[in-house]
Amino acid sequence: MGAKKNFILDTNVILHDYQCLKNFQENDIFLPVATLEELDKFKKGSDQLNYNAREFIRELDRLTTDKLPQEGVSIGEGMGMLFVITDEAYHPKVAASFRERIPDHRILSCTCLVRDKCPDMQTILVTKDINLRMKARALGIPVQDYITGKVKDVDMFEATHETYEETDADLIDELYASREGIDVSRLPFGRTLKPNACFILKSSRNSVMARYNPFTEKVRKVEKGSNCGIQPRNAEQSFAFEVLNDPDIKLVGITGKAGTGKTLLALASALKQANRYKQILLARPIVSLANKDIGFLPGTQKEKVDPYMQPLFDNLSVIKAQFAPNSPEVRQMDEMQKSRQLVIEALAFIRGRSLAETICIIDEAQNLTPHEIKTIITRTGEGSKMIFTGDIHQIDSPYLDAQSNGLAYMIDRMKGQALFAHVNLMKGERSQLAEMAANLL
């Protein structure tokens, strides 16, 4: 156990994780009044941020009932004390650099005031705002990101599938001939395989794509089949179809850069399995631009949301284009949309629902927090399947990064579970130009 520290919390830490008070061990936590003022602006609404704000305020009320938070209240057994800083004196060091007393600068001032009062203890500002961290460092204020839930190893998003060279050629022939597959114990590396791992076996004369099925404990050949006219163009796309089409796998993560076919593959697989589920639900989070909510946009609720959902409709159009305009397949998809068996809408509109017998595709999941991902998955009812797609290097939220976003968090925590599979798509297939731009720009 190291020396006890003081931590000053920025508002975005609370909005990211409303249970953050429990994650600072025996250290003391200080809440500037500016943080509470900003939190008050988020308490109304139906988004996850609003829920987090309300839950934190309730916890704060529980902790401080009949107590004075200025004097400190115990957070819990084995944990530190919680203080609310009401001293609005503007620290001279901050005032000399930032004359405008905006909330961020007031939080910096509070950090300096606490540090001056406790010279024998290290005082650290915790914020997910990169710009505020830069301001703090410029003033010599110790600062750090909120690291709880951060993924340490992101190499899994940089690598493709495993390829095992020098495999016995007769074993590969047996895999081709067997429908059920072969026992995983017959592979020299079988014990190291994670559930639903996809890989390639190679010998001097043949090769095969394969997957380890944890339910049967067998390794089976991966077929290169099509879904709704969409053919896999590389090994990773074949692996994606393999796990997407398996009803025993209830949670799938598909990652990859732009143009690798993440959403298209997921939607094509869902449409192929339409008779297995009551509804196909395709959703994505709305990340507001320029600090403007969709409420500022003109039009009805549907008209406001449709521009954000257009990429999902584009993927549906690509699938429809595989068939003649008046073909039974296209008519069936149109009918599914009319009857709401196939629904495309903003993620905010499905929060609070129980998703039973539904195949649910969450696109752009890298823009969700770990708590949001957990909230969505825990809504899953019997007979449902959840598919999350995204690129952890294309994050639109200012307070998330490749290590702290919900998609990376889910994949890191779920790896090794029999109900879960992850496929990372490496090769762009949208066009030669798109692939070049993704790699070079």
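Throughout, buried means under 20% relative accessible area, exposed over 50%, and partly exposed in between, with a 1.4 Å probe and protein chains only. The model is a predicted one, in which local features need pLDDT of at least 70 and side-chain atom pairs count only at pLDDT 80 or more, while totals for chains, interfaces and linings use all residues. Residues are numbered from 1 along each chain as its sequence is written, and side-chain values use heavy atoms, with hydrogens and water left out.

A nonpolar core is a set of buried Ala, Val, Leu, Ile, Met, Phe, Trp, Tyr and Cys residues joined through side-chain atoms within 4.5 Å. The largest such core has 42 residues, of which Phe-239, Leu-244, Leu-267, Leu-271, Ile-280 and Ile-319 touch the most other members. Helix H9 (residues 262-272) supplies the largest share of this core, seven residues; helices (H or I, at least four residues) and strands (E, at least two) are DSSP runs, numbered from the N terminus. Another core, of 25 residues, lies apart from the largest one and has Val-151, Ala-283, Leu-368 and Met-410 among its members.

Helix H12 (residues 370-377) is largely enclosed by the rest of the structure, because six of its eight residues are buried. Those buried residues are Pro-370, His-371, Glu-372, Ile-373, Ile-376 and Ile-377. They pack against H1, H3, strand E12 (251-256), strand E15 (358-362), strand E16 (385-390) and helix H13 (406-414).

Aromatic pairs come next. Rings of Phe, Tyr and Trp (its six-membered ring) pair if their centres lie within 6.5 Å; planes under 30 degrees apart count as stacked, over 60 as edge-to-face and the rest as tilted. The whole structure contains seven such pairs. Tyr-18 and Tyr-51 pair edge-to-face, at 5.8 Å centre to centre with 85° between the planes. Tyr-18 lies in the loop between helix H1 (11-16) and strand E2 (28-32) and Tyr-51 in helix H3 (residues 48-64), so this pair ties together parts that are 33 residues apart in sequence. Tyr-18 is buried at 15% relative accessibility, whereas Tyr-51 is partly exposed at 32%. Ring pairs also link Phe-7, Phe-24 and Tyr-146 into a cluster.

The charged side chains form 23 salt bridges, each a side-chain nitrogen of Lys or Arg within 4 Å of a carboxyl oxygen of Asp or Glu. Glu-37 and Arg-106 meet in one of 2.9 Å, N to O. This pair links distant parts of the chain, with Glu-37 in helix H2 (residues 33-40) and Arg-106 in helix H5 (residues 103-117), 69 residues apart. Glu-37 is partly exposed at 40%, but Arg-106 is buried at 14%. Arg-186 and Glu-174 form a bridge of 2.7 Å, N to O; here Arg-186 is partly exposed at 42% relative accessibility, and Glu-174 is partly exposed at 32%.

Note on methods: Contact means heavy atoms within 4.5 Å.
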